[in-house]
Amino acid sequence: MFKKDTQLCIFFYFYGMVEHYFTCPYCWENISMLLDSSVSKQSYVEDCEVCCNPIQVTSEFMDTELIAFQVDSIEQ
Ligand SMILES: [Zn+2]
């Protein structure tokens, strides 16, 4: 009757989240982030998974399609 948690996660992954690959502005490694395609425009800070530096991420979706994506380093 009830779906397993893993199946729920996979559903959420495919229908709400988009994995996007980009180059870290600090270490130049190719990293990926999960973006919420249900939010039309969002800007937030997330740490790089390789060098742990804070990255300013700006993404914009139109009908769940990524139309704009930008990453900036944050001056300390
Ligand atoms: Zn990095």
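What you have open is a predicted model, where local features need pLDDT of at least 70, side-chain atom pairs count only at pLDDT 80 or more, and totals for chains, interfaces and linings use all residues. Residues are numbered from 1 along each chain as its sequence is written.

Now color by secondary structure. You'll find 1 helix and 5 strands, running α-β-β-β-β-β from the N terminus. Helices here are DSSP runs of H or I with at least four residues, strands are runs of E with at least two, and both are numbered from the N terminus.

Zoom in on strand 3. Of its 7 residues, the count of buried ones is 0. Strand 3 is joined to strand 4 by 7 bridges, and you can pick out Asp 47 standing opposite Pro 54 in strand 4. Then follow the hairpin of these two strands: there are 6 residues between them, and Cys 52 takes a positive phi near 65°.

Finish on strand 4, residues 54-62. Its antiparallel link to strand 5 has 8 bridges. Which residue of strand 5 is the bridge partner of Val 57? Select Val 71 and you have it.

Key:
Pairing = 2+ DSSP bridges. Buried ≥ 20, exposed ≤ 12 C-beta atoms within 10 Å, placed from the backbone.
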